[in-house]
Protein chains: 2
Amino acid sequence: MSNWHGTVTPPALARLLRTARLPEPIGSHRPAYRALAGQVQQLISEGRLPVGTRMPAERELATALTLSRTTIATAYETLRTEGYLRSRRGSGSWTALPEGSRPPGDALFPLPPEEHGQVIDLGVAAPPAPQQLLAEAAAHAVELLPAYAGGHGHYPSGVPVLREAVAQRFSERGLPTTPDQILITTGAMSALDLVRRTLVRPGERVAVETPSYAHVLQALRSGGVRLVPVPQRREGPEQLPDWDLDEWQRVLRGAAPKLAYVIPDFHNPTGTLIDERQRRELLAAARAAGTVVLADETMAELAWNTPEPPRPTAALDRSAQVVTVGSAGKLAWGGLRVGWVRAAPALIRQLANERVHHDIATPVLEQLICATLIGERLTEMRSLRLEQLRASAGALLPALRERLPQWRFAEPNGGMTLWIDTGGLSGAALARAGERTGVRIAAGSRFGVDGAFEGYVRLPLTVPPAAAAETAERLAATVALADRDGRAAWPGEVTALAV
Amino acid sequence: MSNWHGTVTPPALARLLRTARLPEPIGSHRPAYRALAGQVQQLISEGRLPVGTRMPAERELATALTLSRTTIATAYETLRTEGYLRSRRGSGSWTALPEGSRPPGDALFPLPPEEHGQVIDLGVAAPPAPQQLLAEAAAHAVELLPAYAGGHGHYPSGVPVLREAVAQRFSERGLPTTPDQILITTGAMSALDLVRRTLVRPGERVAVETPSYAHVLQALRSGGVRLVPVPQRREGPEQLPDWDLDEWQRVLRGAAPKLAYVIPDFHNPTGTLIDERQRRELLAAARAAGTVVLADETMAELAWNTPEPPRPTAALDRSAQVVTVGSAGKLAWGGLRVGWVRAAPALIRQLANERVHHDIATPVLEQLICATLIGERLTEMRSLRLEQLRASAGALLPALRERLPQWRFAEPNGGMTLWIDTGGLSGAALARAGERTGVRIAAGSRFGVDGAFEGYVRLPLTVPPAAAAETAERLAATVALADRDGRAAWPGEVTALAV
């Protein structure tokens with residue numbers, strides 16, 4: 001049984017292999033087939049090579065890596081024996097995990113509940129709920145439930161009160177919106193997945209900022225879609241990046257992608273806020289190329305370090321070419337799993353028809369809760385959230401600067417994440433060391449395409465101020481461990497595979 | 001912008017066209033291009049040709065229908081002008097709906113809330129909630145929420161208490177199950193979609209019973225999967241069908257599908273219960289073919305007409321080859337959107353990793369509600385539901401027999417649906433007439449592959465007993481209207497397109 005995660009081409013696999021470092025072998029020299037098998041195993045374990053990816057044919061990989069066919073064949077056989085590869089006669093080989101394995105050592109995959117509390121989880125950038133507000137909104141929603149419970153409870157476009165509340169919020173932010181321009185989904189991830197599924201066909205391209213939100217990059221790759229990365233432009237690791245409009249122009253003209261996926265408002269992971277001038281330029285270039293701009297506003301309300309947040313990107317849109325996705329996750333709570341799409345009514349109807357065949361509709365109770373939280377309780381909730389983010393950043397950033405001076409970062413404009421240049425230390429190595437020091441870290445390579453950003457990590461601004469010092473302490477211990485293990489050198493080190 | 005719904009081949013389109021009847025033309029003879037355009041428009045409007053389907057090239061369709069190229073070209077141009085076709089130079093043409101259209105006259109798509117109460121909705125076979133029980137379970141869940149709200153709320157595999165409750169229920173039914181064999185999803189539809197996405201690659205085949213649940217047939221077609229229909233076997237319209245094992249053997253051996261999707265327990269739409277002997281035979285044949293059996297248990301607890309429901313299909317499984325999908329929708333309430341997958345732990349982990357990129361997780365509050373409803377309140381809830389189904393069937397079936405003696409059906413073993421042979425009247429014609437008599441009807445052709453079951457309709461057993469007579473009355477009026485409109489003759493009538 002294999003996932004359809006696509007195929008990794010020989011050049012892409014070669015690039016990935018360059019990012020997988022093994023510890024020094026004990027005793028005699030490590031044979032090349034063992035080095036290759038070890039590196040592939042590492043990539044799979046870390047989730048950088050997804051389970052169910054089809055591996056290149058042995059002959060092609062031998063050419064790409066300039067190794068003998070026997071070396072490749074023996075490496076594949078080793079992986080098969082150890083459970084990291086499954087083959088079907090005449091069909092090829094797919095990556096796998098051995099029976100009994102945990103999910104890939106993947107800090108972006110939430111810790112199983114039984115492990116909560118044992119480690120400091122810096123992998124998932126999602127906040128705890130505003131307890132009192134949530135409890136009140138939930139109790140109120142339960143009172144409203146009987147009005148819905150007499151029917152079948154399926155609302156593929158969303159319950160009307162929430163569509164109205166979401167439309168109202170857009171209007172308040174400077175983008176007049178009616179409820180028929182809104183579709184409610186089960187979180188922003190569902191919304192992005194639905195848009196991709198509806199607008200992009202296998203083999204077509206989606207342009208993405210890099211870095212970008214790791215899970216979305218993976219979701220966008222589904223169904224045979226090709227990602228075209230457009231690196232953000234930055235002057236140095238202590239400046240916030242912005243868009244490289246020259247590169248965007250080149251990509252839009254040259255690759256004619258169906259979609260351009262961007263997070264202009266408090267970007268995940270860099271926390272940057274793109275100014276209106278750059279947004280207009282991107283829209284103009286996208287319009288010329290016939291590309292739909294998919295604007296992710298999941299962080300847009302988290303303006304804790306920006307006095308005047310800008311209007312929504314779609315407010316600059318003259319030709320119904322911007323599709324906006326938002327959610328209640330970062331403002332209220334990710335456990336509610338409520339998101340939305342804002343688009344032209346015809347596309348909203350099309351999306352509703354499409355989602356009926358995937359999850360039918362979003363649960364009713366959560367929608368009622370969100371209608372309260374982003375409606376009459378919005379001001380209260382946002383104040384709480386911004387206060388929490390300011391406090392978290394206010395304690396964590398200084399603590400990091402003190403205990404880890406070699407780590408460089410820019411203070412974000414807002415949002416919920418901190419993007420850190422580790423000064424040469426592999427993010428994946430840190431993540432591995434963190435498994436021993438009791439801290440889960442999101443390695444930067446997950447936020448790029450093809451192994452970029454290896455020397456970065458992402459931290460969430462959800463650490464309570466009281467835990468900032470301990471968190472910085474544990475991170476420092478993790479750095480020391482990773483250094484000592486000799487997995488530190490990056491980049492440029494020559495390995496046994498001179499690719 | 002187009003949905004990736006795939007391509008309709010010339011032969012498949014020809015078959016569909018045979019099922020689309022137009023009323024007699026007024027005045028002079030209708031030109032062939034107008035007949036063709038009218039039939040395509042009807043198929044799109046009824047949802048039998050999905051929006052976003054790529055149409056055959058004009059040349060190929062001309063050959064398949066034995067019509068001139070000019071006729072096809074003019075038909076396509078007519079459809080384009082009227083908004084039912086969109087073309088891209090050099091790329092082809094896709095079906096569409098004109099701007100401002102409602103979703104296809106599709107009784108399986110829930111009525112927009114503003115139309116609730118104006119019509120008798122017999123399209124969606126999903127029950128109202130057990131009000132008191134739901135309110136109590138929801139209030140209890142809100143009390144438990146604070147224990148979860150302090151964390152990020154993302155549980156890709158499901159909250160532990162619900163995984164335990166679902167596992168416990170399987171064990172009670174005779175299939176020992178541990179929580180690590182359970183994944184919680186946002187409804188059974190999400191579960192089926194996730195399994196398809198994880199196990200089946202584009203171009204591969206899934207064998208399905210026909211008839212089967214319409215939305216699932218559509219979901220399984222996603223991603224370029226090919227459906228291989230295996231018609232149920234029945235002696236007459238007043239007998240319940242069962243499986244045609246000879247046909248299953250042929251299909252499994254010949255087509256080697258990756259999945260076989262079956263609803264053995266109170267089938268949707270026929271209500272039939274497959275006996276243990278037939279299940280064993282299917283499993284043996286599937287094992288020999290390497291096919292995974294995907295058993296849909298969404299109706300399995302609805303044993304209102306069966307004293308001793310059988311053990312779950314997976315209890316007969318010796319080689320981890322059965323994947324089971326269930327949900328709380330029919331027993332409790334579809335508005336909760338909670339479903340699950342039961343499978344080997346390794347596959348559960350793989351599914352959890354895959355779903356993270358699609359909807360991340362299922363909302364927490366609904367899971368807590370379901371844990372109560374299918375745990376300590378199960379007996380109570382099930383009694384209520386079975387009582388309601390018995391009462392509904394006990395009133396509706398006699399009312400139908402009295403007012404519509406030409407309609408033939410078998411009394412179901414259980415479940416929530418009634419499958420009716422209309423005695424020659426087109427289900428689609430009835431659905432159209434129902435738009436005028438104020439009753440939404442699910443046309444049988446939606447429950448087959450390639451337009452089969454045109455002469456059938458599906459009714460839900462959710463009609464309150466007090467409404468049975470009125471419902472039968474309105475259905476009789478609908479039949480009279482459809483007959484009078486001359487859209488009745490079926491099958492065998494020769495049209496202008498002699499295909």
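Helices (DSSP runs of H or I, at least four residues) and strands (DSSP runs of E, at least two residues) are numbered from the N terminus. This is a predicted model, in which local features need pLDDT of at least 70 and side-chain atom pairs count only at pLDDT 80 or more, while totals for chains, interfaces and linings use all residues. Residues are numbered from 1 along each chain as its sequence is written, chains are lettered from A and ligands numbered from 1 in the order in which they are written, and side-chain values use heavy atoms, with hydrogens and water left out.

View 1. Let's start with A:Pro211, in the loop between β5 (205–210) and α9 (214–221) of chain A. The peptide bond that leads from A:Thr210 into A:Pro211 is cis, and its omega is near -5°. In chain B, B:Thr210 and B:Pro211 are joined by a cis peptide bond with omega of about -5°. B:Pro211 sits in the loop between β5 (205–210) and α9 of chain B.

**View 2. Chain A as a whole.** Chain A has 16 helices and 14 strands. Now look at contacts (heavy atoms within 4.5 Å). Among those in chain A between residues at least 6 apart in sequence, 74% join residues at least 24 apart.

View 3. The size of an interface is often given as the accessible area lost when the parts come together. Here chain B and chain A bury about 6900 Å² between them, with 60% of it on carbon and sulfur atoms. This buried area is the accessible area (1.4 Å probe) that two parts lose on being put together, summed over both. How many residue pairs are in polar contact between chain B and chain A? The count is 15, with both residues at pLDDT 80 or more. A polar contact is a pair of N or O atoms within 3.5 Å; within protein, one must be able to donate a hydrogen and the other to accept it, and residues adjacent in sequence count only if both atoms are side-chain atoms. Several helices of chain B each supply at least two residues of the side that touches chain A, among them α5 (131–144) and α8 (187–199). The contact takes 85 residues from chain B and 85 residues from chain A.

View 4. In soluble globular proteins, nonpolar side chains tend to be buried together. The largest nonpolar core in this model has 188 residues. Such a core is a set of buried Ala, Val, Leu, Ile, Met, Phe, Trp, Tyr and Cys residues joined through side-chain atoms within 4.5 Å. A:Leu162, A:Trp248 and B:Leu400 are among those with the most contacts inside the core. Leaving out residues up to four places away in sequence, A:Leu162 touches residues including A:Ile184, A:Val338 and A:Ile374.

**View 5. Salt bridges within the chains.** A salt bridge is a side-chain nitrogen of Lys or Arg within 4 Å of a carboxyl oxygen of Asp or Glu. Over all chains, the whole structure holds 50 of them. One joins A:Arg279 and A:Asp265, whose closest N and O atoms are 2.9 Å apart. A:Arg279 lies in helix α11 (residues 276–289) of chain A and A:Asp265 in the loop between β7 (259–262) and α11, so the pair ties together parts that are 14 residues apart in sequence. Both A:Arg279 and A:Asp265 are buried. In chain B, B:Arg440 and B:Asp121 meet in a salt bridge (3.7 Å, N to O). That pair links strand β13 (residues 439–440) with strand β3 (residues 120–121) of chain B, 319 residues apart.

View 6. Where is B:Thr306 found? B:Thr306 belongs to the loop between β8 (292–296) and β9 (322–327) of chain B. Its relative accessible area is 12%, so B:Thr306 counts as buried. A polar atom of the B:Thr306 side chain lies 2.7 Å from the backbone oxygen of B:Asn413. Setting aside neighbours within four places in sequence, B:Thr306 is in contact with B:Phe266, B:Leu273 and B:Asn413. B:Phe266 is placed in the loop between β7 (259–262) and α11 (276–289) of chain B. B:Phe266 has a phi near 65°, a positive value in a residue other than glycine. With a relative accessible area of 0%, B:Phe266 is buried.

Definitions and conventions:
Buried < 20%, exposed > 50% of the residue type's maximum accessible area, 1.4 Å probe, protein only.
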